[in-house]
Amino acid sequence: MISQLGYIAILISLALAIYGLGAFIYGLRNDDYKLINSAKGAIKSIALLSTVAAGVLLYVLISSDFRVLSVYKYTSTDLPILYKISAFWAGNAGSLMLWGWVLSLFAFIVISSRKLKNNNLLPYVGIIFLLNQVFFFFVLCFAANPFALNPDPIVTEGSGLNPMLQHPGMIFHPLTLYIGYVGFVVPFAFAMAALITKQVDDFWIKMTRKWTIFAWLFLTLGNLYGGQWAYVELGWGGYWAWDPVENASFMPWLTATAFLHSIMIQERKNMLKIWNMILIVVTYGLTLFGTFLVRSGILTSVHAFADSNIGSYFLVFLMFMMLMAIYFIVNNIKLLQEGGQFKSLLSKESSFLANNLLLVGSCFAILWGTMFPVVSEVIQGTRVTVGIPFFDRVNGPILLAMIFVMGVCPLIAWQKSTLKNLRDNFLTPILIGAVVAAALFANGIKNGWALISALIITFVFVVHIIEFVRGTRARMKMTNENVFIAFYHLITRNRRRYGGYIIHIGIILMAMGIVASSIYDSEELKTIKVGESIFIKDYVLTYEGLQQVREGANDVVYADISVEKDGKYLMQIQPEKIFYPTWNQPRTEVALHSTLSEDLYVVLSGWEKDGSATLRVKVNPLVTWIWYGGYILVLGTVIALWPGRYGNYVPKYRN
Amino acid sequence: MNKKVLIGSLIIVGAIFALLLFATPGTTGVEVSVGDIITSPQKYDNKFIMVSGNVIGDSIAWDAENTKLNFAVDNEGVSMNVTHKGTRPDNFDDGVIAILEGNYDAENQIFVADRLKTRCPSKYEGEEMNNHPDEIEMSINLLQ
């Protein structure tokens, strides 16, 4: 049976990974190039085999072969084909298969890289990759087999995919997140290789810079898609609840962001080497830690799935890798301490350091809040719960401070700046920020946080706009190009810097959206009869009745609601509940009317025999800014990553 | 390292720790079991607590007019009444694990849940609800 082919593929992959590990180690010890090359061959073969395995899993899913347990558990014959495909990562075993497959592909790409062909770092990089592969394929073969057989092989229909996962967000969210997680294995592997070979200058950073940004982009997308899915799918009206599984994907994002900034300092000034090592080790560790959290059941969360076996395997592997990394860092501590120094408090380097401390501080605070229940139980015996207010209260100021630093940094020069310089550049943006805040205040915005946020966000925005304006003007003077061409060349010839600035602009748009929707959201929850209305902000929603309709294999019940805004008819809005034939519970389909200024968000919670309906209505300001900010962020990253000349941002400081 | 930079860094780190220290007491509660609450209700009077239990299907009562959900949960043989002002979650059924946050009203012997979250037991390792897909009716009139 074809699924057996899949299992054989991952079994051989495990064997090859163990072989490759041995071959690299012995080959290095005995200077045996044949062994080293055969280990590289093993990595390439594993990539092929895991692709075969992934292909087999996809095949049995699409062809609804219910003899395979995963196919039975997560699909049904009437499932649209896109969801039969995304059922690949719907369950534990499948998502680990995805991880293993992406890992094998990335290992293949790195090992086959022409730039690194005869580089002495490569065998050590290979060892780190293989260590990861040994772990994942071991778990896949013996603890979470995606090709496990269905004990009841003659069943003709599957259980169906959980309706909550039948949504585009659940196609992209796991994919992008895992690509992000696995992407960070690459800089981690190079960091370890650099430590082992005692080549701790910035070569390993240069080689992995694009991987770091690529992985960071996908980690960002993974977090964004998760929030967006929660918003349009779960129906509670929000996009982030500081749940442990959300924190698990946010924490590595924070340290990764710190890392991709501080490696610029190492490239420029040859400093912060220990810090960079620690950051990449922590980032890699957090990607594994998050997976451990979600699968071990030690935390009470809507997402925690108790399977203590897999959880403990992850914990053991994580501890092993962390101890190994710490050993290598400590071994090289003298070497890592050499390099440049901070010359002045008022310098770009220090502002990068401040940004780093705030990012890592935020990560620590989130870790604290997430682990506090576990720790308190061990120490005190009582399990403490940490609610949303904790995370909001702690992260609000930290992230706001970080945004402020993001605005100050472009204003300060490398090495050393003067207070006068700073003041001159600071004045205009901060004044504009104050004007905006005052205008908001005059228009009814009285909340302190909202006003300070508006001021800081505007300040940062203006600073970045000025950077583009100044740069374009300077270029026009130098080259006599017209404004459009100068602007275009400014960006394309300084991709790292201006790509980075565009990313910052994306971030502050998201920040504005988050602040506004957190502070100024309104909600109404009511059961009303046909003909009655709900009043919220300047909307009047009149409930006109319930309808039922067939959509493919599903039955859909929706409420027909007419919406008036400011006294004028706006539109019909139809929140739904979808009933799937293979699932006991229905899925909520939120009715969303999004504009730049706010979202009208309506959920049909339930209905009674007399036709009255329970409706949850929310008005969330500026939510679209979060998603648009995200798109701009992606644009900026693509620009920064674009290959070719003119990539270099950081001029090397020559003493 | 430059002294000013070191001091600046310590200020940032110190501020973050201070934030943590001040925020922790006011925003944390205690997680207890249903058994703890029933045996000593006075202990948790006026305290914001979290408790989880299995929903008892027969006890679910939805008061639409007041948007109140009343039900009972049990855990390790002990059961407790709960009321929650809000909506009934989509997957609210017998055996679903309910995670409640709120206060226990000892006088009326009912847990007032400010927040209600649910999760299906071992979703990843699939002990699905009793689904017999071959027997489900394909067409249902749901508005009856």
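Domain bounds here come from an automatic or database domain assignment. On that basis, chain A splits into domain 1 (1–156) and domain 2 (522–624). Their centres, taken over C-alpha atoms, lie 45 Å apart.

This is a predicted model: local features need pLDDT of at least 70, side-chain atom pairs count only at pLDDT 80 or more, and totals for chains, interfaces and linings use all residues. Residues are numbered from 1 along each chain as its sequence is written, while chains are lettered from A and ligands numbered from 1 in the order in which they are written.

**Open sheet of chain A**
- Strands are DSSP runs (E, at least two residues), helices likewise (H or I, at least four), numbered from the N terminus.
- Four strands of chain A form an open antiparallel sheet, ordered β2-β11-β10-β9; two strands pair if DSSP finds at least two bridges between them.
- β2 (522–528) and β9 (591–594) of chain A are the edge strands, each pairing on one side only.
- β10 (598–607) and β11 (613–621) of chain A run antiparallel, joined by nine bridges.
- Within β11(A), A:Asn620 stands opposite A:Asp599.

**Contact between chains A and B**
- Chain A gives 62 residues to the contact and chain B gives 50 (C-beta atoms, placed from the backbone, within 7 Å).
- On the chain B side, α1(B) provides the largest share, 12 residues.

**Pairing across the chains**
- Four bridges join β1 (383–386) of chain A to β1(B), and the two strands run antiparallel.
- A:Val384 has B:Val30 in β1(B) as its bridge partner.

Technical notes:
Two residues are in contact if their C-beta atoms, placed from the backbone, lie within 7 Å.
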